[in-house]
Amino acid sequence: MEEAGAEALGMLLVILVAAFLAPMVSDHLARWVLIPATVLEIVFGIVLGPAGFGVVHEDAAIAMLADLGLALLMFMAGYEIDFARIAGRPLRRALVAWLVSVGAGLALAAAAFGGTQTALIVGLALTTTALGTVLPILRDAGALQGAFGTRFLASGTVGEFGPIVLIAVLLSGYRPLEGTLLLAGFFLLAGVAAWRATRPPSERLGRLIRATLGSSAQLAVRLCMLLTVLLVWVAATMRLDALLGAFAAGVIVRLMLAANHPDEAEEVESKMDAVGFGFLIPLFFVVTGVRFDLRALLADPVSLLLVPVFLAAFLVVRGGPDYLLSKGDVAQRQRAPLALMSATALPLVVVLTAIGQETGALDGALAASLVGAAMLSVLVLPQVGGALLRRAAGADQ
């Protein structure tokens, strides 16, 4: 094996050890404090990366696996969306709340940074919701059922998908009209794929999907991965955000399974959970920590002070409208947890800061401030929201 290949394999081994230890440490600490394994994966990445011991650095192979992990995180977010469940009032209210967030976020960023691309990137970052990150936490806690689960799914869907659309239109490098036309073209392709996915497959394909779920062929899982990479490639080729393709792939697979293989849908989901959350998604979060520029953040006191400021901005800009516009959708005691969960951000903040650094709109310290605030949001907001949900459930009994 070549020296470079051996080095990449060694770094992958270290990353997988960190990913293995994260849930174990999380479980051990649970008696004192609830820390999601996701947060520990990022922390381990910081410790192992250039800002810590320098054991792991990003190379092409590690970066590709991490990007595939992010794509699978978006795939699982798209797969979780049940449009029949969130259609109507929940989705309308969530959309209005998000549009208010967009206006507030862009206005706040413009006041702080002027009419620059920096303001655009920061403003969009404040409007995101980490649906793919929060869903496993809520699912494990049994909080996705009932009115709260429906309303959060609607809010998270808009807060994940809406910013991806704006990134494609405003930050793709195209003029807004060109970007909008290309986005419409992508939606047309995805719509055709979704329509075809709901049609009955060939008898042979349907039989093979059912027959190989318990065999080494795993045709359904291979189909999910193929469609994910295909749509990510299509979106990237069109210079749209690649995550748009992964999100669309999750939606299409869910529609296909619901229409043609409802009895196998749960088993396929569990297998994709195993591929994603068992390997590639934790790898993405560890590499996020490796990429985190802690030194730049600590070297600039102003940027360090911006971390709690940005965290407060997530709460006000993203959580505030959802709190105000959830009256009548969920119980009064659940409105604050909904706002906290909706204000949790991370994956798209990582994407936006990467775009900002590539274009020169963000320096390393400001990017680290935003990512640091997003990491804190994942650490703090779901835990506080979960505690409030448990308290509300106890008060109702």
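Contact here means heavy atoms within 4.5 Å. The model is predicted. By that rule, Arg151 touches Pro90, Arg93, Ala94, Asp322, Leu325, Ser326, Asp329, Val330 and Leu338, leaving aside residues up to four places away in sequence.

Arg151 lies in helix 8. Is Arg151 buried or exposed? Its relative accessible area is 1%, so Arg151 counts as buried. Arg151 forms a salt bridge with Asp322, with the closest N and O atoms 3.1 Å apart. Asp322 belongs to helix 15 (residues 301–324), so the bridge ties together parts that are 171 residues apart in sequence. Asp322 is buried, as is Arg151. The two also belong to a network of salt bridges that links Arg89, Arg93, Arg151, Arg318, Asp322 and Asp329.

**Other salt bridges**

The structure holds eleven salt bridges. Three of them are set out here.

| Pair | Closest N and O atoms |
|---|---|
| Arg151 and Asp322 | 3.1 Å |
| Arg291 and Asp67 | 3.6 Å |
| Asp82 and Arg254 | 3.7 Å |

Arg291 sits in helix 13 (residues 265–291) and Asp67 in helix 3 (residues 60–79), so this pair joins parts 224 residues apart in sequence. Arg291 is partly exposed, at 30% relative accessible area. Asp67 is partly exposed too, at 44%.

Asp82 forms a salt bridge with Arg254. That pair links distant parts of the chain: Asp82 is in the loop between helix 3 and helix 4, while Arg254 is in helix 12 (residues 242–260), 172 residues apart. Asp82 has a relative accessible area of 26% and counts as partly exposed. Arg254 is partly exposed at 24%. The charged end of Arg254 also sits over the ring of Tyr79, 5.8 Å from its centre. Elsewhere, the charged end of Arg31 sits over the ring of Trp32, 5.1 Å from the ring centre.

**Aromatic pairs**

With ring centres required to lie within 6.5 Å, the count comes to five aromatic pairs. One of them joins Phe161 and Phe187, tilted, at 5.8 Å centre to centre and 35° between the planes. Phe161 is in helix 8 (residues 146–170) and Phe187 in helix 9 (residues 176–198), 26 residues apart. Phe161 is partly exposed at 28% relative accessibility. Phe187 is partly exposed at 33%. Phe284 and Phe285 form another tilted pair, 5.0 Å centre to centre with 55° between the planes. Phe284 is buried at 1% relative accessible area, and Phe285 is buried at 2%. Phe161, Phe186, Phe187 and Phe247 form one aromatic cluster.

**Nonpolar cores**

The largest nonpolar core has 91 residues. Which residues have the most contacts inside it? They are Phe75, Phe186, Leu240, Met272, Leu346 and Val349. Helix 18 (residues 364–396) gives the largest share of this core, ten residues. Another core of 22 residues lies apart from it, including Ala77, Ala143, Leu144 and Met341. Phe186 touches Leu231, Val234, Ala235, Met238, Leu240, Leu244, Gly245 and Ala248, not counting residues up to four places away in sequence.

Helix 7 (residues 131–140) is mostly covered, with seven of its ten residues buried. The buried ones are Leu131, Gly132, Thr133, Val134, Leu135, Pro136 and Leu138. Just after helix 7, Gly142 takes a positive phi of about 70°.

An unreviewed UniProt entry places "domain: Cation/H+ exchanger transmembrane" at residues 17–389. Over residues 17–389 the chain is 79% helix and 0% strand. The end C-alpha atoms of that stretch are 33 Å apart.

Methods
Residues are numbered from 1 along each chain as its sequence is written. This is a predicted model: local features need pLDDT of at least 70, side-chain atom pairs count only at pLDDT 80 or more; totals for chains, interfaces and linings use all residues. Side-chain values use heavy atoms; hydrogens and water are left out. Rings of Phe, Tyr and Trp (its six-membered ring) pair if their centres lie within 6.5 Å; planes under 30 degrees apart count as stacked, over 60 as edge-to-face and the rest as tilted. Helices (H or I, at least four residues) and strands (E, at least two) are DSSP runs, numbered from the N terminus. Buried means under 20% relative accessible area, exposed over 50%, partly exposed in between (1.4 Å probe, protein chains only). A charge sits over a ring if NZ of Lys or CZ of Arg is within 6 Å of the ring centre and within 35 degrees of the ring normal. A nonpolar core is a set of buried Ala, Val, Leu, Ile, Met, Phe, Trp, Tyr and Cys residues joined through side-chain atoms within 4.5 Å. UniProt positions are given in the numbering used here, feature names are shortened, and annotations may be inferred rather than shown by experiment. A salt bridge is a side-chain nitrogen of Lys or Arg within 4 Å of a carboxyl oxygen of Asp or Glu.
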